[in-house]
Amino acid sequence: MITITDLNFSYTGKKPYLLSEINLNVPQGAYISIVGNNGCGKSTLLRLILKFMLPTHGSIRINASRIGYVPQKKDTDSAFPITVKEVIHSYGRILHLHSIDVRSILSVTGMESQAEELVGNLSGGQYQRMLIARALMGNPDLLILDEPSTGVDVSSQKEIYAVLHRLNTEQRLTILAVEHNLYAAARYSSMLYHIANGHGHLCTPQHYLDEYMTREGSFHA
Amino acid sequence: MLDYTFMQHALLISICIAILCPCIGIFLVLKRYSMIGDTLAHASLAGVTLGLFFGASPIVSAFIFTSVAGVSIEFLRQYFRKYTDLILAIVLSVSVGIAITLITSGVLHANASAYLFGSILTVSNVDLAVTAALSLAAVATFIIFYHQLIYLAYDETAARIAGVHVKTINYIFSILVAAAIAISIRSVGMLVISSLIALPVASALQLRKGFKATFIASVGYSFFAILSGLVISYYAGAAPGGITALVAAGALLVTMLFTHSRNR
């Protein structure tokens, strides 16, 4: 679904590279979480995959007919005067969808009863579920998420990851998520891509837990 | 009052302004670009003076010059990413420089001050025809790009991923803003255009409704302010622009008091 080959990237176009010799293959139906310390280049890699920037060297090939994207809540204007229904309807219009059944779209993430609410009145978890429902419009075959549980309470995090898990296992939706929530990344992902010092490597959740979990039981990416 | 032709013209232009200003104002306010309206209002004065200098329609020349200024702001945004307010200072300097030079050098054969404060007495049939044509084109553009404009203000990344041509829409929007300002400058004057762009939207935002409801309320506030300004100015013998701005500010204050007491 996504093939990244020998990717190097720096904002100046010169060495030292923020991301160096990145090779990653995301197969169809996989759920891969990109993890690493703040500033390691996780979000930069996401922006490169979304083609908002070009790699300095190397290539990114995406074999998806449609990409669904879930941004961080802070990247949208949550004080914007807009209802959940309007968010969904307008997105359907810019996607040129023929029919837009707002309630049915929202029901995928259990948000249909909040259709008339202003987005500013939603909790962090509800807001994220609305964004996931929106990202699923037009039946994407690849879902990309940027830190889906940031600013979300623990019980809402469970709901969000339950939705993502269901989409991945039942509908075979390919998921790529930048994660700061290491517990969720290790529990729900099929593989993790760990970035450190500009380099990345793919590992299983178990390998990741063994290598990065300290004796006290906390995570260090 | 409406027996006079000039008041009929003023009423028609006021209706155009009352619809157009919230169309652009709601997106400018929500994108935190309210000051662009003020900058482009100054640019429109430069356009008017150039039109008067070359003997062309001031509204057409204001529209062309303001469009160029709006597109320049959008273009310069790529070069001054971290200092976007600097772009406004640049465009403002050039515009005010042109306007002041032409007005004070005595080369103009008409009075440009009517465009500073607004005047309803001097609206010609040509002005009216140009205003109607620009208004229709602007409203049609607003309707066609309505959903794209919402998303550019709410979540530009999602719009980009959905395939919206962000740069193109931003340029189109700049021209839409130019059209609204060029139309408004004759009636309300350059100095208070920005209040008509921002204040009705500010009032509507206090109601805490969805986008469509906020937009409709903005148009309502805009109609109230402009038509009140027109009627009061007729009897008071003052320029309508100032009164319109005061009514718009008063409506905002009343709305804030109303919503504050309702939410207590």
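Is H165(B) buried or exposed? H165(B) is exposed, because its relative accessible area is 59%. The model is predicted. The largest nonpolar core holds 113 residues, and the whole structure has 15 aromatic pairs over all chains.

**Around H165(B)**

- H165(B) sits in a loop of chain B, between α8 (156-161) and α9.
- H165(B) and Q148(B) are 17 residues apart in sequence. Their C-alpha atoms are 9.0 Å apart in space.

**Where the chains meet**

- Chain A brings 27 residues to the contact, and chain B brings 23 residues.
- F80(A), P81(A) and I94(A) supply 30% of what chain A buries against chain B, more than any other three residues.
- S90(A) belongs to helix α2 (residues 84-94) of chain A. S90(A) counts as buried because its relative accessibility is 4%, and the limit is under 20%.
- Apart from residues up to four places away in sequence, S90(A) touches H147(B), I150(B) and Y151(B).

**Nonpolar cores**

- Within the core of 113 residues, the residues with the most contacts are M130(A), I132(A), L143(A), L164(A), F27(B), Y154(B) and F211(B).
- Helix α1 (residues 5-30) of chain B gives the most to this core, with 13 residues.
- A second, separate core has 27 residues, including L19(A), L24(A), V26(A) and L45(A).
- In soluble globular proteins, nonpolar side chains tend to be buried together.
- L164(A) is in contact with Y31(A), I132(A), L143(A), L145(A), P148(A) and I175(A), leaving aside neighbours within four places in sequence.

- α1(B) has 26 residues, which should span 38 Å at 1.5 Å a residue. The end C-alpha atoms of α1(B) are 38 Å apart, which agrees.
- α1(B) is mostly covered, with 19 of its 26 residues buried.
- Helix α3 (residues 58-76) of chain B has 19 residues. From first C-alpha to last, α3(B) reaches 26 Å, close to the 27 Å expected.
- Buried residues of α3(B) include P58(B), I59(B), F65(B), I73(B) and E74(B).
- The buried residues of α3(B) pack against five helices of chain B: α2 (34-54), α4 (84-104), α5 (113-117), α6 (125-144) and α9 (166-188).

**Aromatic rings**

- F53(B) and F54(B) have ring centres 5.0 Å apart and planes at 75 degrees, so the pair is edge-to-face.
- F53(B) is partly exposed, with a relative accessible area of 37%. F54(B) is exposed, at 62%.
- Y151(B) and Y154(B) also form an edge-to-face pair. Their centres are 5.8 Å apart, with 75 degrees between the planes.
- Y151(B) and Y154(B) are three residues apart in helix α7 (residues 146-154) of chain B, so about one helical turn separates them. Both are buried.
- An α-helix has 3.6 residues a turn, so residues three or four places apart point the same way.
- Ring pairs link a cluster of residues from chains A and B. Among its members are F80(A), Y91(A), F27(B), Y151(B), Y154(B) and F211(B).

**Charges over rings**

- R134(A) places its charged end over the ring of Y91(A), 5.0 Å from the ring centre.
- R160(B) lies over the face of F52(A), 5.7 Å from the ring centre.

**Backbone features**

- Most residues other than glycine have a negative phi, and most peptide bonds are trans.
- R32(B) is not a glycine, yet has a positive phi of about 60 degrees.
- R32(B) counts as exposed, at 56% relative accessibility.
- N197(A) also has a positive phi, near 55 degrees. The loop that holds N197(A) runs between β8 (191-196) and β9 (199-203) of chain A.
- N197(A) is exposed, with a relative accessible area of 77%.
- The peptide bond from K15(A) to P16(A) is cis, with omega near 0 degrees. P16(A) lies in the loop between β1 (2-9) and β2 (19-26) of chain A.

Notes. Residues numbered from 1 in each chain as written. Chains lettered and ligands numbered in written order. Predicted model: local features only at pLDDT ≥ 70, side-chain atom pairs only at ≥ 80, totals over all residues. Heavy atoms only, no water. Helix = DSSP H or I, 4+ residues; strand = E, 2+ residues; numbered from the N terminus. Expected span 1.5 Å × (residues − 1). Buried < 20%, exposed > 50% of the residue type's maximum accessible area, 1.4 Å probe, protein only. Contact = heavy atoms within 4.5 Å. Core = buried A, V, L, I, M, F, W, Y, C linked by side-chain atoms within 4.5 Å. Phe/Tyr/Trp six-rings, centres within 6.5 Å; stacked < 30°, edge-to-face > 60°. Lys NZ or Arg CZ within 6 Å of the ring centre and 35° of its normal. Buried area = accessible area lost by both parts, 1.4 Å probe.
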